[in-house]
Amino acid sequence: MRLRILLMLLGAALVVATFTYPLWQPYAQSQVVAQNAAFPGLAANLQDDFMSLPQEQQRAYQTIAAQDQDKAVKMVTAALSPRSPLPDDDKAMPEMNSPVTIGSGTFQRIDAIRRAQGAVNIYQTSDNLKLMRFEDFNMPDGPDLTVYFSAAQEPTTFADMTVGELDPLEIELLKTNTGEQNYDLPTSLDVQQYHSVVIYSPSLDLIYTYAPLFLRQ
């Protein structure tokens, strides 16, 4: 008797599953895709790009994902999504009145995914205009990357960027993650107070790279 009831219930369940298949089939497929994805949560069109990254970078992103999946997905998505380069006119060195270099530095690697290459130079003209320029610059893209000055020479966290009573100074959003670019600086800025240029993502609370500054007195 019990076996008959069990078989009847099983048959009823199969009938229900058959008729409701269009409803649950997409969910089941999505679960299978998610389980088989190289980086769960990442858009399907970026999965192959993730697999093309060096193993060191894949492992670094996966380590972050183990602690904060949403943060890791945002980082990978930004790094793999193309950003439009600046127009040539915006990349060119502007005309300046007798400029001298008052500061320079080289962007540093923090780890496999927080890194940059290139130089930063700070120029000052005879009429006290100041310009910061990135040259031969390249780094992984990230969400809302922002350029700061910091009094610390080698900050790796936002807390590190404050020295004494001198807070980090926000300049503006990073214009592009690759190539030459210029940033106008306030004429009142005392560059001698700061010892690094930092690229920081406020939404992720993450420093991507920094460049210790050599300042000319």
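Visitor: Is Phe-39 buried or exposed?
Guide: Phe-39 counts as buried, because its relative accessibility is 2%. Keep in mind that this is a predicted model.

Visitor: And how many aromatic pairs are there?
Guide: The structure holds nine of them. One of these is formed by Phe-39 and Phe-50, with 4.8 Å centre to centre and 50 degrees between the planes, a tilted arrangement.

Visitor: Where in the chain do Phe-39 and Phe-50 sit?
Guide: Phe-39 is in the loop between α2 (21-36) and α3 (47-52), while Phe-50 is in helix α3. They are eleven residues apart, and the pair links distant parts of the chain.

Visitor: What about Phe-50, buried or exposed?
Guide: Phe-50 is buried, with a relative accessible area of 0%.

Visitor: Okay, switching over: why is the pair of Tyr-148 and Phe-158 edge-to-face?
Guide: Their planes are at 85 degrees, so the pair gets that label; the ring centres are 6.3 Å apart. This pair also links distant parts of the chain, with Tyr-148 in strand β4 (residues 146-150) and Phe-158 in the loop between β4 and β5 (169-173), ten residues apart.

Visitor: How accessible is Tyr-148?
Guide: Tyr-148 has a relative accessible area of 8%, so that one is buried. Phe-158 is at 32% relative accessibility and counts as partly exposed.

Visitor: New topic: which residues do ring pairs link into a cluster?
Guide: Phe-107, Phe-134, Phe-137 and Tyr-183.

Visitor: Which residue lies over the face of Tyr-183?
Guide: That's Lys-175, at 5.0 Å from the ring centre.

Methods: Residues are numbered from 1 along each chain as its sequence is written. This is a predicted model: local features need pLDDT of at least 70, side-chain atom pairs count only at pLDDT 80 or more; totals for chains, interfaces and linings use all residues. Side-chain values use heavy atoms; hydrogens and water are left out. Rings of Phe, Tyr and Trp (its six-membered ring) pair if their centres lie within 6.5 Å; planes under 30 degrees apart count as stacked, over 60 as edge-to-face and the rest as tilted. Helices (H or I, at least four residues) and strands (E, at least two) are DSSP runs, numbered from the N terminus. Buried means under 20% relative accessible area, exposed over 50%, partly exposed in between (1.4 Å probe, protein chains only). A charge sits over a ring if NZ of Lys or CZ of Arg is within 6 Å of the ring centre and within 35 degrees of the ring normal.
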